[in-house]
Each structure stands twice: as C-alpha cells, then as structure tokens.
Amino acid sequence: MKVETLRWRDGRLELIDQRILPGRVEYVACDSAAAVASAIRSMVVRGAPAIGCAAAYGIALEARLLERLPAADFAAGLARARAGLAASRPTAVNLAWSLARMQRTLDALRGSAPRDVAARLLAEAHAVAADDIASNRAIGRFGAELIADGARVLTHCNAGALATAGHGTALGVIRSAIEAGKRVSVTASETRPFLQGARLTAWELAEDGIPVTLIADVMAGHLISRGEIDAIVVGADRVAANGDVANKVGTYTLAVLADRHRVPFYVACPLSTIDRATPTGAQIPIEERGAEEVLGFGELRWAPAGVSARNAAFDVTPAALVGALITERGIVRQPDAERIEHLFEPKQASAGHRVA
C-alpha cells in the first residue's frame, strides 16, 4: 500500500482514519492509551491485527506519559491503561493477545526504572507491528499456493493492509499470488452496514492496480451459483480452538453458499488470531454495535423514525465449513482442534511451515 495504516511519528501514534476513506486520507494522532482506545471503539482503526498493533502502541504511549512517576504509580497507571484498551472491542482476540505480550515485557522488567521500562515497551510495540507484517507476508506466500492462475476470488469486509500493519491477510494472499505472476481478479462484497468492502477493500485494490468488482452483499449467491467465483478468501477476528471462525457478519452466509456450490472457502489469519482458550465459536463474544449504522450512513438516514435495528458486527462460521486456515506457519486443511494445536508445537515453530 502507498499509505500506512499506522505509524509512529514525533512521539505519537498516527492512525489512518478509516471512517472517512476513500474520500479523504487523513491521520488521527494518539498520545495516550485512552486516545488509542477511543480510536478503536470509533473505528478509526479496525481489523483484528491492526487493533492489536494499535493497542501495543497505546501501552507504550501511556508508559511515556507516566515515566516520571514513582514505580508504584507507574505500574498502577499502566494497569488502568491496559483495562481501558481491553474493553475497547470484545471480539477481536488480537487485542487481548497484544496486551498480554506487552504485559509479559512489563513483568520481565520488574524493578527497572520507569523511564527504562517505557523505552522497552515502545521497542516491543515496534516489534509487534514488524512481526505482524512478517506474518502477513508468510500468510500470503502460503495462501498463494491455493489460488489458481486466472482465479476469480471473492472476499468480504476488509482483511487487507488497512486491517493490519501492512500487506494484509486475505488481501495479502491475493497480493502474493499476483506477485508470483498469477492473474487474479477480485470481487468485493460491499459489507453492510459499515461498508468496509465498498470503502476500504475496493480502494486498497484500486490503489494497487488490482482488478476489483464491487457487489452488494446479497448478490454473492447469484455469482457463486453461476460459477463466476473460483474461491472465497476472508480474514478472521477470532478463531476458536476447534476451528470455528468469528469474522465480519455475513461471512457465515458466504461459507454456507460455498459449501452448497463446492467453492473453496479459505480463512487467512495469523496465529495471534487463534484463541486456544476458547473451545468453540459458541463462547466467542459477539459485539453488537449501535443501531444508527443500520438506519443510515453518515448524515443520511433512510429508515423511518422510531424503527429499531439489530447490528451484530460478527457471526461465527463452523469449522466444518472452512476448507483451510492459512497461517504464517502453513495451511491447515479441514481445521479442527488437533490440527490447530500442531501449529503451536515448538518443532513446528522451528520448521517454519506445515501443510496439514
């Protein structure tokens, strides 16, 4: 991407404001954990990996603000910051994963001067972002193996560079396939009600010169039934230990359609999105957002006054409908608890990749 989803500039975290894309490219500057938490809640930044990276910087920012305090007050302030960030969005597990990683760094520095701790926390936040890009690149390389030359790929929501520190997960697979010399065209669903597909995915791909066609969400079944889609690749906000996938609402519908019409359905995500502490998708908290996103968009309101609305931000796709998980350690076909657990084995980490 020609723009950065998040960047560290002059002692502050800058986040591209995804609420106003594609009309304008502007950055929101954050100088505290509270500012980062607000940016996450209000969808300035979204996408599980990007949220995790932003949260890591939120802890680092707060540490810099508090570094002149006595050690006990410094620790208490960081605990409050972590709690505020953790509550900002419940479904994306990368948020909790990132905060736990920052806490491990903090725990390892007990007894150190707050100023030294703050410096180490910032270095760790930079490492979280760099690791995310490296993971996305590896996901892309493995996933490209599954994409045929000339493939017509359908994707939902935005799992691209804007949802990560760079390159993307689902769109990273597409980018890597194109980098490998394959001809790939993309169909992007608009992703009601927040229009991440229409506003973000279509913009990303157009910026990169990748052929993209936008469709209304309700048109996906029509194209799939006519044989006009060769594969579906989506991202994830949380994957349960058994392989159930929580992703943007509408993903489950696509998985059912893919199963009915024998179209490969793939989920691209880093290991940080896999929540081994959550047994199945039934235990994944599903965020309900405000009704105003369904009743209209921006200043425009199309629903009559007094009408109620439901706005679940995510749904859960059972593992049985997932053809493969694409991770930075390889491809897991027909994912289940045993196959997913293999990804976390030490020998797997050293080997670098497994196709199960």
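Here are a few questions and answers about this predicted model.

Me: How do H2 and H5 run relative to each other, roughly parallel or roughly antiparallel?
Reply: Helix H2 covers residues 48–66 and helix H5 covers residues 114–144. Their axes come within 8 Å and cross at roughly 170 degrees. Angles over 145 degrees count as roughly antiparallel. So H2 and H5 are roughly antiparallel.

Me: How many nonpolar residues are there in the contact of H2 with H5?
Reply: On the H2 side, the residues that meet H5 include Cys-53, Ala-56 and Ile-59. On the H5 side, Leu-121, Leu-122 and Val-128 are among them. Two residues of this contact are polar and two are charged, and the number that are nonpolar is 13.

Me: Is Ile-147 buried or exposed?
Reply: You'll find Ile-147 in the loop between H5 and strand E4 (151–155). Beyond its sequence neighbours within four places, Ile-147 is in contact with Val-153, Val-173, Ala-177, Lys-182, Val-184 and Val-233. Its relative accessibility is 2%, and buried means under 20%, so Ile-147 counts as buried.

Me: Which elements give two or more residues to the lining of the largest cavity?
Reply: The structure holds three cavities of 30 Å³ or more, and the largest has about 200 Å³ of space. Its lining is made of 23 residues, with Arg-46, Gly-47, Asn-158, Asp-237 and Asn-247 nearest the centre. The elements giving two or more residues to that lining are H2 and strand E9 (245–248).

Me: How many charged residues line the largest cavity?
Reply: Sort that lining by class, and 11 residues come out nonpolar and eight polar. The charged residues in the lining number four.

Methods
Residues numbered from 1 in each chain as written. Predicted model: local features only at pLDDT ≥ 70, side-chain atom pairs only at ≥ 80, totals over all residues. Heavy atoms only, no water. Axes fitted to C-alpha atoms, helices over the stretch in contact; angles between N-to-C directions. Helix = DSSP H or I, 4+ residues; strand = E, 2+ residues; numbered from the N terminus. Parallel < 35°, antiparallel > 145°, perpendicular 65-115°, else oblique. Contact = heavy atoms within 4.5 Å. Nonpolar A, V, L, I, M, F, W, Y, C, P; charged D, E, K, R; others polar. 1 Å grid on protein atoms, 1.4 Å probe; cavity = no way out; pocket = protein on both sides within 12 Å on 5 of 7 lines; lining within 4 Å. Points joined across faces, edges and corners; volume = space filled by probe spheres on them. Buried < 20%, exposed > 50% of the residue type's maximum accessible area, 1.4 Å probe, protein only.
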